[in-house]
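Subject: Model handover

Hello,

Here is the structure for your files.

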Amino acid sequence: MTDTSEWDWPVVESAAEYETGWYTGGYDRVRQPDGSEKEYYWAELPDAVVVVATTGEELVMVEQFRPTIREQCLELPAGIVEDGESYTTAGERELREETGFATGGLSLLEEFWCSTGVLRHRRGIVFAEGLEPVDRDLDDNEFLSVTTVPIADALNVARAEPANDATIEGILLAQAEGLL
């Protein structure tokens with residue numbers, strides 16, 4: 001049996017030091033198991049969805065410049081889960097907006113915490129198939145192009161620099177489920 005008393009780290013103080021429309025940053029001062037106190041910093045972001053979408057033999061991807069790392073990236077379609085949306089509803093919306101594809105079927109593969117050492121952020125990976133072309137509806141900060149890659153090459157393409165964690169995760173999860 002595991003001793004859970006070492007997991008009881010009471011929060012002595014919690015403060016949000018920085019707030020934007022995108023995330024909140026702050027710290028929690030916690031009492032550690034040895035009685036000492038330490039500040040652990042965090043950034044809290046809204047939930048996000050990543051869409052693994054297949055046309056049958058090809059995987060739908062988007063190419064866009066990421067100012068944060070100053071790189072052009074080839075990624076799976078993704079975006080923020082809006083209030084009241086499930087991961088699957090958000091995935092349908094993001095796929096349509098970013099790629100111009102509606103889905104004939106969409107399912108949740110996994111949801112999980114990301115970068116738990118510093119982020120309060122959850123991600124859902126969804127799988128879409130039965131794609132039909134529709135009109136795109138990009139947000140005013142989205143300047144991206146849509147491309148497809150053969151499913152057989154998808155993981156190698158995703159691993160090429162600048163590699164993206166969400167894209168690699170999505171492809172690996174879909175492969176593990178036997179969907180790719």
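Please keep in mind that this is a predicted model.

Backbone

The loop between α2 (154–159) and α3 (165–176) contains Pro 162. The peptide bond that joins Glu 161 to Pro 162 is cis, its omega being near 0 degrees.

Arg 70 is not a glycine, yet its phi is positive, at about 55 degrees. Arg 70 sits in the loop between β5 (58–66) and β6 (71–75). Its relative accessibility is 67%, so Arg 70 counts as exposed.

The other is Ser 115, also a residue other than glycine, with a positive phi near 40 degrees. Ser 115 belongs to the loop between β9 (105–113) and β10 (119–120). Ser 115 has a relative accessible area of 45% and is therefore partly exposed, because that class lies between the 20% and 50% limits.

Cysteines

How many disulfides does the model have? The count is zero. For Cys 73, the nearest cysteine sulfur is that of Cys 114, 16 Å away, so Cys 73 is in no disulfide, given that a pair must lie within 2.5 Å. Likewise, Cys 114 is in no disulfide, with the sulfur of Cys 73 as its nearest at 16 Å.

Are these cysteines buried or exposed? Cys 73 has 2% relative accessibility and so counts as buried. Cys 114 is buried as well, with a relative accessible area of 6%. The cut-off for buried is under 20%.

Regards

Methods. Residues are numbered from 1 along each chain as its sequence is written. This is a predicted model: local features need pLDDT of at least 70, side-chain atom pairs count only at pLDDT 80 or more; totals for chains, interfaces and linings use all residues. Side-chain values use heavy atoms; hydrogens and water are left out. Helices (H or I, at least four residues) and strands (E, at least two) are DSSP runs, numbered from the N terminus. Buried means under 20% relative accessible area, exposed over 50%, partly exposed in between (1.4 Å probe, protein chains only).
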